[in-house]
Amino acid sequence: MRGISRRVFLTGLASSVAGSAMAEAPLTSIRPPPRGAVPSGGVAAPAVVQASTVTAPQVDTLIANAKLGGDVGFVVADAKTGLILEERDGGKPMPPASVAKAVTALYAFDTLGMGHVFPTQIVVTGPISGGRVQGDLILVGTGDPTLDTDGLAEMAQGLKAKGVTGITGRFKVYGGAVPYVRSIDPEQPEHLGYNPAVGGLNLNYNRVHFEWARSGNGYSVAMDGRSDRYRPAVKMARMAVVNRDLPVYTYKASGTTDEWTVASTALGNGGSRWLPVRRPDLYAGEVFQALASVSGIKLPAPEPVNAMPGGTPIVQHNSSSLSAIATDMLKWSTNLTAEVLGMTASAKRGGAGSLQASAQAMSNWMRQGLGARDASFHDHSGLSDKSRVSAQDMVRMLAKMGPGGVLHSHMKEVAVRDGDYDTLANASYKIHAKTGTLNFVSSLAGYVTANDGNVLAFAIFTGDVARRRALSKAEMELAAGAKSWAGRSRLLQQNLIARWMTVYA
């Protein structure tokens with residue numbers, strides 16, 4: 001372990017018991033001893049009650065009532081000692097979906113440090129004379145996954161403050177700090193905004209805004225890189241309305257242009273949605289060119305470069321800290337953010353030649369540093385259903401970080417629900433966890449804290465992979481039955497947690 005191993009990881013392991021207990025924890029379900037008892041091995045038992053003294057739904061009944069099919073695996077443990085309290089198929093590797101982002105956050109923290117920022121720079125290859133840069137101007141990204149149009153506008157204004165009105169050379173864009181990925185999961189439909197390209201120069205989560213309105217007998221359409229304050233039009237993504245029923249969208253790459261078509265019968269009177277971009281460096285360059293023009297700076301069309309040119313940085317925009325970025329990622333489950341954090345971490349470790357290589361580097365890190373036995377990731381976001389990790393491995397990680405530790409403090413609070421899935425405003429416990437959802441895959445992993453301060457660490461994986469694999473690519477966005485299946489899985493997760501808090505807290 002590197003980077004934060006002596007700060008964050010040791011903070012999570014403040015008790016000498018916590019690490020050893022989970023490392024050697026029994027891998028089968030146990031009946032907890034009475035409060036104050038000491039199990040064999042001499043490790044103080046978590047504050048628990050006898051399971052037999054409390055009336056709680058049986059696990060088999062809860063799972064049968066969920067009617068999910070496929071597999072259900074879970075582990076729940078005392079978060080301080082790592083002692084496993086209950087387990088069902090906890091050693092079975094399953095798709096984690098977005099729960100993988102919790103692993104990615106720790107991987108990035110350990111490698112980059114929680115204070116890491118992603119700078120985006122304007123670099124020039126010559127001096128400024130008479131308002132013009134005597135040479136090239138390069139927009140340089142280092143991967144910032146949160147850069148938006150407002151951030152680029154601030155950079156354009158910073159360039160104006162330097163007295164720049166134009167350049168004598170070329171306008172270049174460099175996004176090579178992170179390996180280029182055309183799409184996170186090629187098996188997903190092209191038009192899904194949560195499956196964009198990834199690179200070192202990203203903008204608006206690498207999504208372009210498509211808006212349409214009925215106009216006469218047809219439609220007017222616009223493609224732009226908008227923010228709350230700006231709506232710069234782009235040409236690198238183009239849309240044509242076609243008289244057809246299906247498919248709703250088609251896509252093809254035409255040189256450096258994203259060419260889209262949309263079925264007219266799907267549009268109604270008007271609307272909008274975000275579509276992914278496949279050349280984020282050119283997208284960011286074109287938006288910056290437009291914003292620079294607003295500031296009175298004339299730039300030629302952007303040109304991508306594969307190698308970082310030499311020059312002098314004259315304007316810089318910094319992202320928020322990695323800690324803040326990861327908090328938002330775990331809350332909103334942004335796939336682009338996860339891939340950038342993971343690949344940036346792998347690049348520092350020397351293993352990020354591709355997304356697959358980077359994901360494998362994270363798998364190795366989890367195995368070597370956290371004692372995982374079954375971790376095998378295909379990306380950092382969990383978007384691919386080929387990734388596998390077991391509930392045991394997840395809980396082992398959660399227990400090593402400990403209650404109140406770095407992971408617990410970055411996880412979002414998940415509402416506690418009753419048997420009808422209504423929110424319980426005055427629940428006797430709180431859940432801080434990472435959720436994960438794919439078609440016919442649902443997961444939840446994190447911490448549950450009782451009002452008396454007792455904390456359990458848990459991971460619940462559910463998945464009907466065969467049913468998911470039977471879907472065609474066109475069915476992936478709105479798969480029949482997937483929404484109700486996910487609802488039943490989320491209710492099962494809540495019911496399991498309620499059981500554990502009744503029996504073990």
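Start by selecting Asn204, which sits in the loop between strand S8 (171-174) and strand S9 (207-215). Asn204 is not a glycine, yet its phi is positive, at about 55 degrees. Helices (H or I, at least four residues) and strands (E, at least two) are DSSP runs, numbered from the N terminus.

Before moving on, know that this is a predicted model, in which local features need pLDDT of at least 70 and side-chain atom pairs count only at pLDDT 80 or more, while totals for chains, interfaces and linings use all residues. Residues are numbered from 1 along each chain as its sequence is written, and side-chain values use heavy atoms, with hydrogens and water left out.

**Stop 1: the sheet that holds S8**

Now select S15, S8, S6, S3 and S16. Taken in that order, these five strands form an open sheet with mixed pairing. Two strands pair if DSSP finds at least two bridges between them. Which strands stand at the edges? They are strand S15 (303-305) and strand S16 (312-318); each has a single partner strand, so one side of each is left without a neighbour in the sheet. From one strand to the next, the twist averages 25 degrees.

Zoom in on strand S3 (residues 119-124) and strand S6 (residues 137-140), which run antiparallel and are joined by four bridges. Here you can find Val124 opposite Leu137 in S6.

Helix H5 (residues 149-161) lies across S3, S6 and S16, at about 145 degrees to S16. Helix H6 (residues 280-294) lies across S3, S6, S8 and S15, at about 140 degrees to S8. Such angles run from 0 to 180 degrees between N-to-C directions, and axes are lines fitted to C-alpha atoms, for helices over the stretch in contact. Contact means heavy atoms within 4.5 Å.

**Stop 2: the six-stranded sheet**

Select S2, S1, S20, S19, S18 and S17: in that order, they make an open sheet of six strands with antiparallel pairing. Strand S2 (84-88) and strand S17 (412-414) stand at the edges, each with a single partner strand, so one side of each has no neighbour in the sheet. Ignoring direction, neighbouring strands here are turned by 25 degrees against each other on average.

Follow strand S1 (residues 71-78) alongside strand S20 (residues 455-463), and you will see an antiparallel pair with eight bridges. Ala77 stands opposite Ala457 in S20. Helix H10 (residues 391-401) packs on this sheet and touches S1, S2, strand S19 (441-450) and S20; the direction of H10 makes about 155 degrees with that of S20.

**Stop 3: two helices side by side**

Show helix H4 (residues 100-112) with helix H7 (residues 322-332): their axes come within 10 Å and cross at roughly 175 degrees. That makes H4 roughly antiparallel to H7 (angles under 35 degrees count as roughly parallel, over 145 as roughly antiparallel, 65 to 115 as roughly perpendicular and the rest as oblique). On the H4 side, the contact is made by Lys101, Ala102, Ala105, Ala108, Phe109 and Leu112, and on the H7 side by Leu322, Ser323, Ala326, Met329 and Leu330. By class, this contact has nine nonpolar residues, one polar and one charged. Ala, Val, Leu, Ile, Met, Phe, Trp, Tyr, Cys and Pro count as nonpolar, Asp, Glu, Lys and Arg as charged, and the others, Gly among them, as polar.

**Stop 4: the pockets**

Select Gly436, Thr437, Leu438, Ala486 and Arg490, which lie nearest the centre of the largest pocket among its 32 lining residues. A pocket is an open set of points on a 1 Å grid over the protein atoms alone, where a 1.4 Å probe fits, with protein on both sides within 12 Å along at least five of seven lines; lining residues have an atom within 4 Å of a point. S17, strand S18 (429-438), S19 and helix H13 (482-503) each give two or more residues to this lining. H13 gives the most, with six residues.

Finish at the second largest pocket, where His191, Pro247, Val248, Ala474 and Glu477 are the closest to the centre of the 15 lining residues. Pro247 is found in the loop between strand S11 (237-242) and S12, and a cis peptide bond joins Leu246 and Pro247, with omega about -5 degrees.
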